[in-house]
Structures are given as structure tokens and as C-alpha cells.
Amino acid sequence: MQTLTPAGLTELKLKANDVRQGIIRSLLAAGSGHSAGPLDMSDVFAALYGNLMRHDPHAPEWPQRDRLLLSCGHIAPVRYSAMANFGYFPVEELLTLRKFGTRLQGHPERVRLPGVETTSGPLGEGLAQGVGMALGAKMDGKDFRVWVVTSDAEHQCGLHWEAVLTGAKFELDNLTAIVDRNFIQIDGSTEDVMPLEPFAEKYRAFNWEVFECDGNDIEEFIATAREATECKGKPQVIIANTVPGKGVSYMEGDYTWHGKPPNAQQAEQALRELEAARKEIAADG
Amino acid sequence: MASGTPTLDAAAETMHLVDYRGDVKQVPTRNGFGEGLIEAGARNRDLLGICADLSESTRFEGFRKAHPAQYIEIGVSEQMLVAMAGGLAAVGKIPWIASYAMFNPGRSWEQVRTIMALNETNVKIAGAHAGVSVGPDGATHQAIEDIAIMRVIPHMTVVVPCDSVQTKKAALALSDRWGPSYLRFGREKSAVITTDETPFEIGKAQTFREGSDVAIVACGILVYNALIAADRLASEDGIECRVVNNHTVKPMDEAAIVGAAQACGAVVTVEEHQKAGGMGSRVAEILSAKFPAPIEFVGVDDRFGQSGDPMELIEYYGMGADAIVEAARRAHKRKRS
């Protein structure tokens with residue numbers, strides 16, 4: 001983790017903006033895919049790759065690297081865009097998303113793209129694998145951290161809670177889960193489809209340390225994550241409250257953007273808005 | 001054996017089989033798994049045993065005592081078993097995960113497909129209590145579809161050893177071999193027909209009895225029934241059967257299967273599993289493409305099991321020596337017609 005200076009924060013905000021633009025471009029090129037979740041997690045991914053995680057884009061298999069698992073594989077565009085913008089591969093490759101022969105599969109596959117820690121898409125499976133990695137690290141005295149990004153709706157999966165139980169049993173303080181709490185899923189609001197509240201209390205009851213923050217505020221998220229990773233003897237969860245579609249006016253807060261891409265005209269507007277936001281960030285910085 | 005009994009044939013001699021024609025030692029195949037795992041854990045400290053509340057019955061108990069630092073208990077959560085093992089394998093461990101076959105891979109199939117196979121992780125599943133020979137526990141606990149659901153997954157290795165001695169060898173061999181794997185074995189005591197000297201190689205079928213009239217291709221504990229049936233066919237009908245121990249369902253030894261069909265002209269497959277989709281189905285896939293020949297399938301005929309004595313259930317569901325004899329007679333007749 002690096003000290004966050006004002007200049008560093010501005011840099012991260014610009015990176016998050018780059019990540020969002022990459023998401024829009026790749027989704028437009030793909031003609032299918034998910035928009036709202038990737039956009040709302042862009043700030044978290046910029047914070048992870050740009051500040052919080054120990055990693056080397058030129059050595060994706062470095063044994064001491066922190067592991068970042070994306071449990072909700074359908075928001076892969078944000079991971080791909082973050083990886084590209086932080087130097088794992090050229091940003092032009094983002095335009096191959098979901099196309100035949102691409103390394104950027106519709107749902108991420110570890111074997112195809114170095115730096116993707118596991119294959120995901122079927123929901124509710126990431127934390128369970130993260131528990132295994134964190135336990136393996138403890139067994140071998142390795143000090144890397146395991147970060148698992150999950151959606152809120154995948155907390156409707158039974159396996160996820162098996163993982164929550166197991167993480168607590170083995171006191172995996174080297175495991176940090178991040179929940180994209182955007183309240184949306186394919187069929188509507190999470191609280192209509194299958195209520196998750198009281199959300200934080202559930203984790204507390206399972207003996208996890210619980211943190212909440214604005215997932216679209218990079219500074220706040222980084223501060224929260226640092227506090228979380230100081231915890232001893234317990235795994236931690238950060239409930240990152242996010243606005244679905246964050247950064248694109250007509251997508252923000254609209255669940256219908258969960259699983260569809262923008263068309264050419266919509267993408268143009270999105271990129272125009274993001275470019276204007278980028279100028280503001282630069283001016284403020 | 002009474003004096004004057006003819007010696008076993010050359011194939012059995014080559015394979016160092018015991019003389020199975022009289023009283024044969026009975027040991028559960030799961031015991032062989034337990035012994036193999038203890039040895040494998042001593043050879044490699046990165047090898048782990050992960051259990052979902054069935055340590056005694058899956059024979060993980062000995063491993064737990066011998067290698068406590070390599071043993072993990074996670075309670076009744078079979079999907080977790082697979083997913084967590086995937087994570088451990090990703091950081092360099094070799095996890096063996098054990099439950100009843102009905103629950104793992106029965107309950108955890110999608111995790112097996114995604115996390116073990118598509119994701120290419122070095123996780124090994126021990127599927128215990130497979131087949132109707134689980135006995136009194138009844139249909140809920142009798143996995144007779146597991147070979148089918150595992151053999152259709154790319155990258156997967158599927159091994160069904162014939163007795164406890166071979167199960168031990170299979171556990172050791174799979175531990176040393178990289179890749180997602182499934183080892184299937186049973187609960188009940190069954191005949192020990194191989195010895196420490198019997199060779200074992202994953203992917204290499206074994207001829208346990210010579211013969212050129214009908215090839216009986218079997219796996220699991222029913223290999224013994226196939227040998228008994230073959231002896232009866234020889235004495236009662238003059239039909240000489242080749243008996244093949246086809247322990248590796250995937251990758252199957254195609255050359256051995258085609259060779260047996262070419263030599264005999266008719267085939268009987270024998271497995272403690274649904275006829276649909278199992279080892280016999282794979283034999284049929286191979287032969288229909290490479291050497292079409294009459295095939296009779298011995299297995300469960302699209303039904304569920306039930307409570308009962310293990311051997312009584314084997315008979316009732318048509319997998320006893322009598323059923324194999326009848327199937328071989330039908331195959332032989334079809335060959336002639």
C-alpha cells in the first residue's frame with residue numbers, strides 16, 4: 001500500500017475515469033455485456049490496482065502478489081479495463097471483449113488471461129476460493145492478502161455463506177471481501193427480489209469484522225480498506241455502497257442497465273460525459 | 001482351493017492375481033483409499049485432506065491422525081469442499097476432498113466443472129459410498145450417476161479401481177499426477193483379487209483373463225463378478241471370455257477396448273452404475289466409431305436403488321454373476337447371428 005498524497009488521489013481519480021472509458025469502449029465493441037456494475041466498481045478497482053494491492057503487472061504470476069478474485073464474473077469489463085489501464089496488457093485489447101479467440105472472455109478465465117486469479121461467472125463461488133487461498137497462505141507462512149470482490153445479489157447463494165462460515169472458523173485475517181452494494185440485480189432491486197438487509201448484521205453474526213463506506217469515493221474506500229486490513233484474527237468485509245452505472249448520467253441508479261451494453265449513440269454520450277468529468281478532476285487536482 | 005484345481009490362466013499370472021475361485025479376502029475399497037492417502041501425505045507435505053463431516057466413513061480418519069497439519073475439516077458443505085480446494089490448489093496445495101459420491105460430485109457438480117476443470121486446478125475428489133452396494137442407507141445415498149456426470153467434463157480423470165489394493169495404488173498414482181481427478185470407490189467389503197505385485201497405471205486397462213469368444217469389460221468391485229461369470233461360462237457353455245479390468249473410465253484405454261472387441265467380436269460391459277452414460281457408454285462410443293460389435297450392458301436400468309443388503313441389491317439390480325453370464329450369452333448369440 002502506498003501513502004495517498006493529494007496528487008496521488010487525483011491520479012487515481014483519473015485512472016478510475018480511464019477505467020470507465022475503457023468499459024464503455026469495450027462494451028460498445030462487444031455489443032453485449034454488463035454496464036452498471038463495472039461502472040460502479042471502477043473507483044474500487046482503481047484503488048485496488050493503484051494503491052492497495054501488492055502486484056506487478058509485468059509479473060502476473062509473482063508468488064508474493066496479493067490475490068484479487070472477482071467473484072461476480074459478469075462485471076469482468078471493469079477488471080479487464082483496470083488491468084489494461086494499470087499495465088497488464090495494451091488498452092486496445094479491450095476492444096476484443098467477448099469476441100472469438102479473445103483472452104477477454106465474457107466471463108473471466110484464469111487459464112486464458114494471466115493475472116485473472118480464477119475463472120468466475122457462476123455466482124457465489126469467489127469467496128469460497130478466496131478462503132482456500134487465504135488458508136493456504138497461512139499454512140505456508142506467506143504474507144500476501146486475498147481480496148475478493150463480490151456482488152450484493154450473490155449473497156443469495158448458499159455457497160457464499162458456507163465460505164463466510166469457513167473464513168471465520170479459520171480466523172482468516174488475511175482475507176478481505178468487498179461487496180458491491182448497488183442494490184440491483186437482473187430482476188430488479190435486491191430488496192424486492194430477495195431481501196439482504198440487515199446486511200452488515202448478517203456478517204457480524206458470522207463473526208466477521210464489518211466496514212461500510214462510499215464505494216465511489218476513492219479516498220474513503222482506501223482509508224476504510226486500510227483500517228480493515230489492520231484487523232487481527234478475523235476476516236473482514238467492506239460493504240462498498242455504490243451507485244449502479246456511476247459516471248454515466250442515464251445509467252445511474254437504473255437496474256435495467258445491469259446486463260446490457262450502450263449502443264453507439266449512448267456510448268458517445270457516455271464518453272462525452274466521462275471526458276468532461278476527467279477535465280474537472282484534472283482542474284481540481 | 002482343493003488340490004487338482006487348474007491354475008489360473010496366463011493373464012492372471014501376469015497380473016499377479018490371487019486365486020479368486022475359492023474364498024477370497026474381503027476388504028472395503030475405501031480402506032485402500034485411506035491407506036494410500038496416508039502414504040501420499042507422507043511423501044508430499046503439500047498434499048491435504050479436506051473433509052465435510054465424514055472423516056471416518058470416507059476413511060480420512062487415519063490421514064487426520066497421521067498428518068494433522070495437513071487435514072482440514074469444514075463441516076457439511078460439499079460445494080465449499082470443491083471451491084475451497086480450488087483456492088488451495090491455486091496456491092500450490094494438492095487437496096484431496098472426500099465425501100459420499102452422491103454429495104461430491106453429486107451436489108457440487110457445477111463447482112467441479114468451473115473451479116476444478118475449466119479453471120484447471122489440481123484437486124482430487126474421493127467419491128466414497130458409490131453404487132447400490134452402500135446398502136441399507138437407501139437410494140438417497142447410492143450414487144449411480146456419478147461416472148456419467150464426471151466423465152463428460154473436459155480435463156477430468158476418472159478412475160474406478162477393482163478392489164482395495166488397487167484403490168490404494170490409484171490414490172497414490174492420482175496424487176502424483178497433475179490434474180483434476182475423480183476416484184470412485186465403495187463402502188462394503190468386496191473381494192480382493194489383485195496383489196501388491198499387480199501393475200497399475202492410470203489409463204491402461206488390464207486383461208485379467210484370456211479368452212476370444214466374448215470380452216467382458218468391467219470396472220469397480222464388479223470385476224470380481226465378471227471373473228466368476230467367465231469361469232461359469234467356460235465350464236457351462238464352453239464360452240471363453242476375456243475379462244478386462246477397465247479401471248480408468250477417462251481417459252479410457254481405447255486400444256485395449258478396440259483390441260478386446262477385435263479379438264472377441266462381442267462385448268459385455270459391467271459397472272455398478274446406471275447403464276446410461278457410464279463406463280459402458282464410453283465403450284460403446286469408442287466401438288461404434290472404431291470397431292462396431294454387439295454390446296450388452298450390465299448396470300442399473302434407469303432406476304433408483306433402495307435399502308437392502310449390499311449383495312442382495314447387486315443381484316436385484318442385475319449386476320450379479322448370473323446377470324453377467326446371461327449378458328455374455330446374449331452377446332455371444334448376437335455375434336453368431
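In the predicted model, the centres of domain 1 of chain B and domain 2 of chain B, taken over C-alpha atoms, are separated by 25 Å. Domain 1 of chain B covers 10-24 + 198-336 and domain 2 covers 26-191, with bounds that come from an automatic or database domain assignment. Local features need pLDDT of at least 70 and side-chain atom pairs count only at pLDDT 80 or more, whereas totals for chains, interfaces and linings use all residues. Residues are numbered from 1 along each chain as its sequence is written, and chains are lettered from A and ligands numbered from 1 in the order in which they are written.

Between the two domains of chain B, 34 residues of domain 1 are in contact with 32 residues of domain 2 (contact: C-beta atoms, placed from the backbone, within 7 Å). On the domain 1 side, two or more residues are given by each of helix H8 (222-237), strand E12 (248-250), strand E13 (267-274), helix H10 (279-290) and helix H11 (310-316) of chain B. Helices (H or I, at least four residues) and strands (E, at least two) are DSSP runs, numbered from the N terminus. E13(B) contributes the largest share of this side, 4 residues. By class, the side has 17 nonpolar, 12 polar and 5 charged residues; Ala, Val, Leu, Ile, Met, Phe, Trp, Tyr, Cys and Pro count as nonpolar, Asp, Glu, Lys and Arg as charged, and the others, Gly among them, as polar.

Between chains, 21 residues of chain B are in contact with 21 residues of chain A. Helix H4 (78-90) and helix H5 (109-118) of chain B each supply at least two residues of the chain B side, and H4(B) gives the most, with 9 residues. The chain B side divides into 10 nonpolar, 8 polar and 3 charged residues.
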